[in-house]
Amino acid sequence: MKAKFIAIEGGEGSGKSSLVKLLKEVLADTAVITREPGGSPYGEAIRDMALKNPLAKDAPPATTLSLMFASRFDHIANTVKPALTAGKPVITDRFDGSSFAYNIWAQANGGLEKLFWNLRSHLDLVPDLYIYLDVDPKEGTRRAQARNAASDANGKYDHFDDRHVEFHGRVREGYLKFFAKRKWIFFPKIPHVIIDANRSLEEVKQEFMAVVQKELTV
Ligand code: TMP
(Lines give C-alpha, C1' and ligand atoms only; values in the text may rest on other atoms or scores of the structure.)
Protein backbone atom coordinates (compact mmCIF):
# COMPACT_ATOMS: atom_id res chain seq x y z
CA MET A 1 0.00 0.00 0.00
CA LYS A 2 1.30 3.45 -0.95
CA ALA A 3 2.20 5.62 2.06
CA LYS A 4 -0.24 8.52 2.36
CA PHE A 5 0.47 12.23 2.44
CA ILE A 6 -2.07 14.31 4.39
CA ALA A 7 -2.18 18.09 4.91
CA ILE A 8 -3.96 19.75 7.81
CA GLU A 9 -5.17 23.26 7.01
CA GLY A 10 -6.96 25.87 9.08
CA GLY A 11 -7.11 29.52 10.03
CA GLU A 12 -6.45 31.26 13.31
CA GLY A 13 -8.12 29.63 16.30
CA SER A 14 -9.29 26.56 14.38
CA GLY A 15 -7.78 24.18 16.96
CA LYS A 16 -5.17 23.00 14.45
CA SER A 17 -2.27 23.16 16.93
CA SER A 18 -4.07 21.02 19.52
CA LEU A 19 -5.00 18.46 16.88
CA VAL A 20 -1.46 18.28 15.51
CA LYS A 21 -0.21 17.79 19.08
CA LEU A 22 -2.63 14.91 19.45
CA LEU A 23 -1.41 13.36 16.19
CA LYS A 24 2.16 13.55 17.48
CA GLU A 25 1.13 11.61 20.59
CA VAL A 26 -0.97 8.99 18.81
CA LEU A 27 1.04 8.44 15.63
CA ALA A 28 4.59 9.13 16.85
CA ASP A 29 5.84 5.68 15.79
CA THR A 30 3.90 5.25 12.59
CA ALA A 31 3.92 8.57 10.74
CA VAL A 32 6.12 11.60 10.16
CA ILE A 33 4.36 14.68 11.52
CA THR A 34 5.85 17.79 9.99
CA ARG A 35 4.94 21.42 9.24
CA GLU A 36 5.05 24.29 6.79
CA PRO A 37 6.64 26.65 6.42
CA GLY A 38 9.54 24.56 7.69
CA GLY A 39 9.70 20.82 8.12
CA SER A 40 13.32 20.44 6.97
CA PRO A 41 16.45 22.21 8.30
CA TYR A 42 16.61 24.70 5.42
CA GLY A 43 12.82 25.00 5.38
CA GLU A 44 12.89 25.99 9.07
CA ALA A 45 15.48 28.69 8.33
CA ILE A 46 13.16 30.04 5.64
CA ARG A 47 10.25 29.88 8.14
CA ASP A 48 12.12 32.17 10.53
CA MET A 49 12.80 34.60 7.71
CA ALA A 50 9.17 34.59 6.53
CA LEU A 51 7.48 34.77 9.92
CA LYS A 52 9.84 36.04 12.61
CA ASN A 53 12.03 38.60 10.88
CA PRO A 54 10.63 42.06 11.73
CA LEU A 55 10.87 43.04 8.06
CA ALA A 56 8.54 40.20 7.02
CA LYS A 57 5.35 41.99 8.05
CA ASP A 58 5.61 44.60 5.29
CA ALA A 59 6.95 42.35 2.55
CA PRO A 60 4.94 42.28 -0.69
CA PRO A 61 2.75 39.17 -1.04
CA ALA A 62 4.94 37.88 -3.92
CA THR A 63 7.91 37.81 -1.54
CA THR A 64 6.00 35.87 1.10
CA LEU A 65 4.54 33.49 -1.49
CA SER A 66 8.00 32.82 -2.96
CA LEU A 67 9.48 32.14 0.49
CA MET A 68 6.63 29.75 1.29
CA PHE A 69 7.24 27.81 -1.93
CA ALA A 70 11.02 27.89 -1.40
CA SER A 71 10.44 26.25 1.98
CA ARG A 72 7.95 23.80 0.42
CA PHE A 73 10.30 22.60 -2.34
CA ASP A 74 12.98 21.90 0.26
CA HIS A 75 10.52 20.25 2.65
CA ILE A 76 9.30 17.90 -0.08
CA ALA A 77 12.79 17.00 -1.26
CA ASN A 78 14.33 16.45 2.17
CA THR A 79 11.50 15.31 4.45
CA VAL A 80 8.28 14.33 2.69
CA LYS A 81 9.60 12.36 -0.28
CA PRO A 82 12.21 10.34 1.65
CA ALA A 83 9.60 9.33 4.26
CA LEU A 84 7.00 8.32 1.68
CA THR A 85 9.61 6.40 -0.29
CA ALA A 86 10.50 4.51 2.91
CA GLY A 87 6.79 3.64 3.29
CA LYS A 88 6.03 6.06 6.14
CA PRO A 89 2.91 8.22 5.95
CA VAL A 90 3.46 11.97 6.26
CA ILE A 91 1.09 14.45 7.88
CA THR A 92 1.93 18.09 7.44
CA ASP A 93 0.61 20.98 9.53
CA ARG A 94 -0.20 23.30 6.57
CA PHE A 95 0.69 22.98 2.90
CA ASP A 96 -0.13 24.96 -0.24
CA GLY A 97 -3.77 25.56 0.76
CA SER A 98 -2.28 28.04 3.25
CA SER A 99 -0.39 29.82 0.46
CA PHE A 100 -3.59 30.16 -1.53
CA ALA A 101 -5.64 31.35 1.47
CA TYR A 102 -3.13 33.67 3.15
CA ASN A 103 -0.86 34.92 0.38
CA ILE A 104 -3.00 34.79 -2.76
CA TRP A 105 -6.41 35.50 -1.35
CA ALA A 106 -6.02 37.44 1.94
CA GLN A 107 -2.77 39.30 1.16
CA ALA A 108 -2.95 39.79 -2.60
CA ASN A 109 -6.75 39.92 -3.06
CA GLY A 110 -6.66 37.12 -5.60
CA GLY A 111 -3.64 38.50 -7.47
CA LEU A 112 -0.67 36.20 -8.16
CA GLU A 113 -3.03 33.29 -8.73
CA LYS A 114 -1.28 32.31 -11.99
CA LEU A 115 2.05 32.31 -10.20
CA PHE A 116 0.57 30.06 -7.52
CA TRP A 117 -0.67 27.41 -9.99
CA ASN A 118 2.57 27.62 -11.90
CA LEU A 119 4.66 27.03 -8.78
CA ARG A 120 2.28 24.27 -7.70
CA SER A 121 2.73 22.50 -11.02
CA HIS A 122 6.43 22.12 -10.17
CA LEU A 123 5.81 20.33 -6.87
CA ASP A 124 6.96 16.72 -7.06
CA LEU A 125 3.97 15.63 -5.07
CA VAL A 126 0.80 17.00 -3.53
CA PRO A 127 -1.29 15.62 -0.64
CA ASP A 128 -3.59 12.62 -1.08
CA LEU A 129 -5.96 14.42 1.27
CA TYR A 130 -6.35 17.90 2.78
CA ILE A 131 -8.26 18.21 6.05
CA TYR A 132 -9.60 21.74 6.52
CA LEU A 133 -10.61 22.87 10.00
CA ASP A 134 -13.27 25.41 9.22
CA VAL A 135 -13.88 28.00 11.94
CA ASP A 136 -15.90 31.19 11.78
CA PRO A 137 -13.31 34.02 11.62
CA LYS A 138 -14.93 35.89 14.55
CA GLU A 139 -14.80 32.81 16.76
CA GLY A 140 -11.28 31.95 15.53
CA THR A 141 -9.98 35.44 16.25
CA ARG A 142 -11.60 35.38 19.71
CA ARG A 143 -9.92 32.04 20.51
CA ALA A 144 -6.56 33.22 19.15
CA GLN A 145 -6.65 36.41 21.21
CA ALA A 146 -7.43 34.41 24.36
CA ARG A 147 -4.57 32.03 23.53
CA ASN A 148 -2.08 34.82 22.83
CA ALA A 149 -2.99 36.55 26.10
CA ALA A 150 -2.44 33.30 28.02
CA SER A 151 0.89 31.70 28.77
CA ASP A 152 0.36 28.87 26.27
CA ALA A 153 1.16 31.20 23.35
CA ASN A 154 4.64 29.74 23.70
CA GLY A 155 6.41 32.15 21.37
CA LYS A 156 4.22 30.86 18.52
CA TYR A 157 3.15 34.39 17.63
CA ASP A 158 3.77 35.53 14.04
CA HIS A 159 2.84 38.67 12.13
CA PHE A 160 -0.26 37.07 10.60
CA ASP A 161 -1.71 36.81 14.14
CA ASP A 162 -1.80 40.60 14.23
CA ARG A 163 -4.28 40.99 11.45
CA HIS A 164 -7.91 41.83 11.98
CA VAL A 165 -10.94 39.65 11.67
CA GLU A 166 -11.51 40.89 8.06
CA PHE A 167 -8.14 39.42 7.07
CA HIS A 168 -9.07 36.08 8.63
CA GLY A 169 -12.41 36.24 6.84
CA ARG A 170 -10.53 36.51 3.55
CA VAL A 171 -8.27 33.63 4.61
CA ARG A 172 -11.37 31.46 5.07
CA GLU A 173 -12.77 32.58 1.69
CA GLY A 174 -9.42 31.69 0.13
CA TYR A 175 -9.45 28.20 1.60
CA LEU A 176 -12.98 27.56 0.35
CA LYS A 177 -12.04 28.81 -3.13
CA PHE A 178 -8.94 26.60 -3.15
CA PHE A 179 -10.90 23.47 -2.26
CA ALA A 180 -13.63 24.26 -4.78
CA LYS A 181 -11.09 24.79 -7.54
CA ARG A 182 -11.27 22.82 -10.75
CA LYS A 183 -9.47 24.92 -13.35
CA TRP A 184 -9.69 22.65 -16.33
CA ILE A 185 -11.51 19.39 -17.02
CA PHE A 186 -8.23 17.49 -16.76
CA PHE A 187 -7.27 19.25 -13.55
CA PRO A 188 -8.10 16.88 -10.68
CA LYS A 189 -10.25 18.25 -7.90
CA ILE A 190 -8.35 18.97 -4.70
CA PRO A 191 -9.13 15.97 -2.44
CA HIS A 192 -10.41 17.34 0.84
CA VAL A 193 -12.58 16.93 3.89
CA ILE A 194 -13.99 20.00 5.66
CA ILE A 195 -14.49 19.68 9.42
CA ASP A 196 -16.72 22.10 11.32
CA ALA A 197 -14.25 23.47 13.87
CA ASN A 198 -16.73 25.80 15.60
CA ARG A 199 -17.70 22.92 17.91
CA SER A 200 -15.96 21.92 21.12
CA LEU A 201 -12.41 20.62 20.74
CA GLU A 202 -13.57 17.20 21.99
CA GLU A 203 -16.15 16.87 19.21
CA VAL A 204 -13.72 18.10 16.58
CA LYS A 205 -11.02 15.70 17.82
CA GLN A 206 -13.27 12.68 17.36
CA GLU A 207 -14.22 13.51 13.78
CA PHE A 208 -10.67 14.57 12.92
CA MET A 209 -9.03 11.37 14.23
CA ALA A 210 -11.64 9.24 12.42
CA VAL A 211 -10.86 10.99 9.11
CA VAL A 212 -7.09 10.59 9.60
CA GLN A 213 -7.31 6.90 10.59
CA LYS A 214 -9.61 6.14 7.64
CA GLU A 215 -7.25 7.82 5.16
CA LEU A 216 -4.26 5.96 6.59
CA THR A 217 -5.95 2.58 6.25
CA VAL A 218 -7.40 2.80 2.72
P1 TMP B 1 1.43 28.10 12.06
O2 TMP B 1 2.28 28.33 13.24
O3 TMP B 1 -0.02 27.93 12.36
O4 TMP B 1 1.95 27.01 11.20
O5 TMP B 1 1.53 29.47 11.24
C6 TMP B 1 2.27 29.70 10.13
C7 TMP B 1 1.87 31.04 9.56
O8 TMP B 1 2.36 31.13 8.22
C9 TMP B 1 0.38 31.28 9.51
O10 TMP B 1 0.10 32.60 9.93
C11 TMP B 1 0.02 31.14 8.05
C12 TMP B 1 1.32 31.51 7.34
N13 TMP B 1 1.51 30.80 6.05
C14 TMP B 1 1.44 31.52 4.88
O15 TMP B 1 1.18 32.71 4.89
N16 TMP B 1 1.63 30.85 3.69
C17 TMP B 1 1.92 29.52 3.63
O18 TMP B 1 2.10 28.96 2.54
C19 TMP B 1 2.02 28.79 4.87
C20 TMP B 1 2.36 27.34 4.84
C21 TMP B 1 1.80 29.48 6.05
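1. First, a term: a residue is buried when its relative accessible area is under 20%, exposed when over 50%, and partly exposed in between, using a 1.4 Å probe and protein chains only. Bear in mind that this is a predicted model, where local features need pLDDT of at least 70 and side-chain atom pairs count only at pLDDT 80 or more, while totals for chains, interfaces and linings use all residues. Residues are numbered from 1 along each chain as its sequence is written, and side-chain values use heavy atoms, with hydrogens and water left out.

2. Let's start with helix α1. Helices here are DSSP runs of H or I with at least four residues, strands are runs of E with at least two, and both are numbered from the N terminus. α1 covers residues 16–27, which makes 12 residues. From its first C-alpha to its last it reaches 16 Å, close to the 16 Å expected at 1.5 Å a residue; the expected span is 1.5 Å times one less than the number of residues.

3. Which residues of α1 are buried? They are Lys16, Leu19, Val20, Leu22, Leu23 and Leu27. These cover an arc of only 155 degrees around the axis, so they sit on the same side of α1; the arc is that of the directions from the helix axis to the C-beta atoms. As for partners, the buried residues of α1 pack against β1, β2 (32–35), β3, β4 and α8 (201–217).

4. Now for α7, residues 165–180. This helix has 16 residues and reaches 23 Å from first C-alpha to last, close to the 22 Å expected at 1.5 Å a residue. Its buried residues are Phe167, His168, Val171, Gly174, Tyr175, Phe178 and Phe179. Looking down the axis of α7, you'll find these within an arc of 125 degrees, so they line one face of the helix. An α-helix has 3.6 residues a turn, so residues three or four places apart point the same way.

5. What do the buried residues of α7 pack against? The list is β1 (5–10), α4 (96–107), α5 (113–121), β4 (129–134), α6 (137–149) and β5 (192–196). On the face turned away from the buried side, Glu166 and Ala180 are exposed. Also in α7 is Glu173, which is partly exposed at a relative accessible area of 43%. The side chains of Glu173 and Trp105 are joined by a polar contact of 3.1 Å. (A polar contact is a pair of N or O atoms within 3.5 Å; within protein, one must be able to donate a hydrogen and the other to accept it, and residues adjacent in sequence count only if both atoms are side-chain atoms.)

6. On to the cores. A nonpolar core is a set of buried Ala, Val, Leu, Ile, Met, Phe, Trp, Tyr and Cys residues joined through side-chain atoms within 4.5 Å. The largest one has 34 residues, and Phe116 and Phe178 touch the most other members. Elements giving two or more residues to this core are β1, α2 (41–52), α3 (61–85), α4, α5, β4 and α7. The largest share, 7 residues, comes from α3. There is also a second, separate core of 22 residues, including Val20, Leu22, Leu27 and Ala197.

7. Contact means heavy atoms within 4.5 Å. Leaving aside neighbours within four places in sequence, Phe116 is in contact with Leu65, Phe69, Asp96, Ser99, Phe100, Ile104 and Phe178. Ser99 lies in helix α4 and is buried, with a relative accessible area of 1%. A polar contact of 2.9 Å links the side chains of Ser99 and Arg72.

8. Ser71 is found in α3 and counts as buried at 0% relative accessibility. Just after α3, Gly87 takes a positive phi of about 85 degrees.

9. Last, Phe95. Where does Phe95 sit? In the loop between β3 (90–93) and α4. Phe95 is buried, with a relative accessible area of 0%. Its C-alpha is separated by 7.8 Å from that of Arg35, 60 residues apart along the chain. Not counting residues up to four places away in sequence, Phe95 touches residues including Phe5, Arg72, Ile76 and Tyr130.
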